[in-house]
Number of protein chains: 2
Amino acid sequence: MTQKYTPPLRDQQFVLHELLKVMDTYQQMPAFKDVDADTMNQVLEESGKFCAEVLLPINQSGDAEGCTFDRDARTVKTPKGFKEAFDQFREAGWQGLALDPKYGGQGLPALLQIAFYEMQYSTNQAWSMYPGLTIGAYECLHVHGTEAQKSLYLPKLGSGEWTGTMCLTEPHCGTDLGMLRTKAEPQADGSYKITGAKIFISSGEHDMADNIVHLVLARLPDAPAGTKGISLFIVPKFLPVGEGESATVGARNGIYCGGIEHKMGIHGNSTCQMVLEGATGWLVGEPNKGLNAMFVMMNGARLGVGMQGLGLTEVAYQNAVAYAKDRIQSRSLTGPKATDKPADPIIVHPDVRKMLLTARAYAEAGRAFGYWVAMQQDIQFQHPDEDARKEAGDMMALMTPIVKAFMTDNGWTCASDCLQVFGGHGYIKEWGMEQIVRDARINMIYEGTNTIQSLDLIGRKVLMDNGAKLKKFGKMVTEFVETYGTKEQYAEFVNPLADIGDKVTKLTMELGMKAMGNADEVGAAAVSYLRVVGHLVYAYFWARMAVIALDKVNAEGDKVDPFYTAKLAVARFYFAKLLPETAGEIRKARAGSATLMALPEELF
Amino acid sequence: MTQKYTPPLRDQQFVLHELLKVMDTYQQMPAFKDVDADTMNQVLEESGKFCAEVLLPINQSGDAEGCTFDRDARTVKTPKGFKEAFDQFREAGWQGLALDPKYGGQGLPALLQIAFYEMQYSTNQAWSMYPGLTIGAYECLHVHGTEAQKSLYLPKLGSGEWTGTMCLTEPHCGTDLGMLRTKAEPQADGSYKITGAKIFISSGEHDMADNIVHLVLARLPDAPAGTKGISLFIVPKFLPVGEGESATVGARNGIYCGGIEHKMGIHGNSTCQMVLEGATGWLVGEPNKGLNAMFVMMNGARLGVGMQGLGLTEVAYQNAVAYAKDRIQSRSLTGPKATDKPADPIIVHPDVRKMLLTARAYAEAGRAFGYWVAMQQDIQFQHPDEDARKEAGDMMALMTPIVKAFMTDNGWTCASDCLQVFGGHGYIKEWGMEQIVRDARINMIYEGTNTIQSLDLIGRKVLMDNGAKLKKFGKMVTEFVETYGTKEQYAEFVNPLADIGDKVTKLTMELGMKAMGNADEVGAAAVSYLRVVGHLVYAYFWARMAVIALDKVNAEGDKVDPFYTAKLAVARFYFAKLLPETAGEIRKARAGSATLMALPEELF
């Protein structure tokens with residue numbers, strides 16, 4: 001009655017080598033010239049094993065125990081086994097998997113890190129946030145730090161010897177960082193004294209590493225008001241002594257945990273109130289450009305959060321399938337199936353199958369999509385061709401809010417559906433399903449709420465460049481439709497894809513026109529618009545996967561690997577039962593802002 | 001930062017007296033001849049006060065503390081304040097509000113009990129389940145008990161001196177009660193010795209009352225297999241001594257709590273594993289007809305669970321509105337609104353309003369619908385005219401699964417949306433929003449999962465009588481459309497109502513045809529079908545409410561009570577933004593069962 005998990009290796013390999021044919025791309029990039037398919041598969045296998053064998057066993061116990069705060073010492077104790085798991089993780093070199101070899105990393109593709117994230121979040125989201133945020137801090141310093149900062153901090157973060165955080169939110173501001181008040185005063189030695197209060201700092205204090213490197217947003221004394229007056233600082237828990245890899249920790253810095261939050265889920269991750277009492281910090285990047293620097297971290301983090309949605313969808317699915325095959329209850333509506341038993345396993349019931357297939361279809365499309373986006377990230381940063389880098393960067397920018405919001409909204413509804421498969425047992429802690437639901441709820445909130453993601457998509461990513469990025473994706477869809485649309489056997493997938501593509505084009509134009517007259521039209525349509533575009537993306541990946549599977553099934557007949565039979569069946573389910581959601585969402589998106597804005601505030 | 005709640009008195013009065021004009025109906029019933037509108041309003045006011053002042057203050061603390069089980073004594077301690085609140089409740093006579101005066105009840109309409117339920121569940125679902133289940137047990141005995149059983153147990157249950165439970169589920173069977181194994185052996189004195197194990201028994205053991213009257217399903221020695229061999233028994237925790245109202249408690253009976261579940265929510269309600277160790281019980285109703293008897297209890301309970309969905313929607317809405325008016329963050333997309341503040345309250349943002357209005361539109365329609373159904377219950381049991389009773393009984397039968405499933409599904413999504421309004425603060429326990437979400441999750445599961453409700457609706461309530469009951473409701477819709485459809489000013493409400501009515505008719509016929517060929521078509525469409533019919537019902541009630549509000553606004557202009565302005569605005573929101581969900585759901589319902597059933601079990 002504990003959570004089960006098997007790494008989805010076969011499907012990962014399908015996505016990498018059959019769908020995305022990633023080796024064709026990675027071989028073009030000098031940074032990955034030594035990476036072959038075997039290496040990739042081996043990394044997936046070994047990292048999956050770590051998740052299933054080390055992280056999963058401490059997931060439910062970590063939830064039950066939670067983190068504990070010692071008010072006198074101002075320290076946080078993580079749940080039993082968390083530190084030991086991190087020791088194992090660190091010793092195996094997992095933290096540096098996709099990090100820069102110049103600073104001790106293994107230099108493997110970000111795609112593998114994303115796949116590893118998926119499995120980490122399937123097995124222990126609370127634990128995985130400690131190393132996940134460390135990578136975020138690493139990436140930010142990697143892009144914006146001075147060479148001295150990089151040579152000091154990157155090896156420590158990349159090895160997992162130290163961990164990282166991002167300190168943005170304050171009690172009075174989260175989404176609207178322009179209001180933040182934490183102050184940074186320049187000192188004679190080039191450092192800053194930083195004073196203020198931060199909240200919701202994930203992994204802000206813990207007992208798993210020797211030091212914690214906080215990246216803190218604060219204001220310089222003469223900073224302009226609003227978002228243009230925010231600077232970014234490194235504020236380590238312990239001041240480093242020495243330089244580079246040989247650095248050690250020295251005096252305790254004036255940044256403390258003042259308390260931890262009691263939350264709905266992710267109990268094993270410490271969500272800290274941080275107090276900066278004249279803490280010593282060093283500027284990262286240019287003064288007043290802190291938000292730009294932080295965005296590097298935030299975009300990576302948003303991909304990571306999307307993987308949390310995917311990971312929880314996958315593990316919820318696996319557990320619900322096991323239960324639905326095992327639990328016998330009532331007979332099939334079409335007559336008994338398990339005639340040797342007093343009732344049929346509940347997987348015979350159409351609606352149970354619908355709940356299971358919904359989670360599976362979202363997980364498999366999410367994996368294809370998420371891994372493809374991760375490959376765009378590798379291309380953006382490592383491809384020798386500038387046009388390729390630019391193109392990939394555009395896709396990253398367009399797709400990031402979809403990865404974050406669509407995958408986490410689906411993660412929430414799928415986790416809830418999979419809990420429902422268990423009936424009353426889903427509501428009981430020991431089965432572990434309700435933890436998955438509770439953990440999944442945060443993913444729609446942090447790193448920019450899903451409403452913020454939807455505004456980012458329609459406003460910044462689509463309308464701001466007159467749909468140029470969206471058209472690039474549209475071109476991929478059109479090319480696919482033109483290639484496969486001529487062949488009758490693909491029509492069941494190509495036609496609905498072409499149809500939703502046309503509808504997105506029309507809807508985008510309509511909303512663009514409306515937006516010029518009234519900015520609230522954007523806000524009124526944004527969330528539905530993101531769901532519709534998300535379905536366009538998923539329909540595209542499902543159509544591509546379906547073509548591969550159908551070809552295999554047609555070519556190999558009865559001898560085909562049942563993996564392809566299943567892939568084809570799930571594709572058909574997606575087009576029949578999930579894509580139709582867009583019919584309602586398009587109507588909602590088109591319904592305008594008037595009925596939202598009519599009610600005066602005092603009448604709410 | 002604790003949960004807030006104001007009883008929705010104004011809206012309740014609108015529903016009772018302006019929408020449903022309930023006095024016209026109740027005056028026709030001799031049982032309620034002394035009930036006037038003032039009495040009704042006063043009961044609403046006083047019961048609302050009890051909820052806000054007594055139940056709400058112990059809701060979050062009850063969640064944090066939970067119930068505790070003493071393994072040696074086999075007893076359960078409820079959270080601090082629960083017993084005292086129940087003492088107050090009992091002393092004020094609230095338990096007997098709508099119960100039979102013959103056994104000491106106040107004999108008020110069930111409608112008032114339903115309104116009280118709504119407010120109880122808004123303020124403390126866990127606590128309210130103790131008296132709620134007691135009413136369920138009362139109703140079952142009231143219909144099926146012998147006169148001796150009634151005169152002994154009803155006064156005790158109706159006063160709250162004793163409480164009640166329903167003991168159905170066993171470890172291996174919940175939905176499929178045909179498999180249950182608990183055994184009842186007849187004794188020479190006419191009683192039975194009952195042995196077996198039950199799980200998920202809400203309020204099964206606690207410290208709030210002198211005795212607990214368990215209604216237990218069990219099998220007689222020669223009972224036929226399956227659901228036709230189940231009998232119902234009264235099994236009190238303490239054996240009663242004496243008769244009627246003067247009875248007291250005697251020896252401890254052999255029914256014990258063996259443990260309590262640790263659950264996602266409703267922590268303050270004890271969910272018990274019950275062990276029957278040759279416990280003494282008495283047969284209720286006829287042998288082997290226990291399921292029929294239990295259905296009386298279950299139908300009432302399903303209405304109650306719908307009210308849990310409504311109550312949580314309302315309280316989630318109220319708290320999210322308060323936060324959205326108070327929290328300042330970013331500026332309106334159309335330019336600053338609160339120019340005296342550093343940012344605008346988040347209620348200026350269209351998507352925040354959409355989340356709030358969604359909860360409000362579902363709450364107000366749910367209230368109108370739920371109270372109307374409760375009135376049907378009163379008519380069914382108390383009206384002097386047989387046809388009226390029959391008609392109301394049909395409406396009850398048709399609507400019960402919609403009350404249960406549609407209102408609790410909406411309760412879950414609305415609670416989650418309202419949590420989202422709080423951003424990160426919604427995820428933190430102290431604000432109380434995440435408790436509302438956790439509590440709301442059970443309502444989709446117990447008293448028959450929402451999938452079971454949807455199968456009950458389409459299979460038993462609609463297709464089994466060739467849509468006769470649905471046509472009766474359709475006639476009400478048609479009459480409304482014909483009355484108001486001729487007047488231009490109502491077109492914005494009447495036209496979409498007529499449209500969804502036509503679509504439901506067509507969809508029902510199509511599914512009926514498909515069902516004849518393949519029973520799995522019913523299971524494949526059921527959940528979407530229930531959502532579509534639910535929207536037909538809500539569109540009907542919103543249209544009726546909109547007509548009343550529009551008439552008021554048109555007649556009274558600027559001087560109109562802003563209650564009607566708001567009602568009209570929310571009605572318009574419902575038709576613009578919520579009803580369109582049906583476009584997707586109809587497509588899903590029509591998409592058939594093939595893609596659900598294609599995947600072989602072993603490929604899941």
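**Chain contact, domains and helix packing**

Author: In this predicted model, the contact takes 93 residues from chain A and 93 residues from chain B, where contact means heavy atoms within 4.5 Å. Local features need pLDDT of at least 70 and side-chain atom pairs count only at pLDDT 80 or more, while totals for chains, interfaces and linings use all residues; side-chain values use heavy atoms, without hydrogens and water. Residues are numbered from 1 along each chain as its sequence is written, and chains are lettered from A and ligands numbered from 1 in the order in which they are written.

Reader: What area is buried between chain A and chain B?

Author: About 7900 Å², and carbon and sulfur atoms give 63% of that. Buried area is the accessible area (1.4 Å probe) that two parts lose on being put together, summed over both.

Reader: Which three residues of chain A supply more of that area than any other three?

Author: They are A:Y427, A:K577 and A:F604, which supply 12% of the area that chain A buries against chain B.

Reader: Turning to domains, what does the assignment give for chain A?

Author: It gives domain 1 (9–142), domain 2 (164–295) and domain 3 (308–590); such bounds come from an automatic or database domain assignment.

Reader: How many residues do domain 1 and domain 2 of chain A put into their contact?

Author: Domain 1 of chain A gives 27 residues and domain 2 of chain A gives 26. Their C-alpha centres lie 24 Å apart, and the area buried between the two is about 2400 Å², with 65% from carbon and sulfur atoms.

Reader: Helices next: how do helix 6 and helix 7 of chain A pack?

Author: Helix 6 (residues 110–144) and helix 7 (residues 147–159) of chain A pack at about 155°, with axes 10 Å apart. Helices (H or I, at least four residues) are DSSP runs numbered from the N terminus. Axes are lines fitted to C-alpha atoms over the stretch in contact, and angles run from 0 to 180 degrees between N-to-C directions. The two helices of chain A are therefore roughly antiparallel, a term for angles over 145 degrees.

Reader: Which residues of helix 6 meet helix 7 in chain A?

Author: A:T134, A:A137, A:Y138, A:L141 and A:H142 do, against A:K150, A:Y153, A:L154, A:L157 and A:G158 in helix 7 of chain A.

Reader: And in chain B, at what angle do helix 8 and helix 11 pack?

Author: Helix 8 (residues 290–326) and helix 11 (residues 433–442) of chain B pack at about 165°, with axes 10 Å apart, and are therefore roughly antiparallel. B:L312, B:V315, B:A316 and B:N319 in helix 8 of chain B meet B:M433, B:I436, B:D439 and B:A440 in helix 11 of chain B.

Reader: At roughly what angle do helix 14 and helix 16 of chain B cross?

Author: Helix 14 (residues 491–517) and helix 16 (residues 562–578) of chain B cross at roughly 35°, and their axes come within 11 Å. B:E492, B:F493, B:P496 and B:L497 in helix 14 of chain B meet B:L568, B:A571, B:R572 and B:F575 in helix 16 of chain B.

How values were computed. Parallel < 35°, antiparallel > 145°, perpendicular 65-115°, else oblique.
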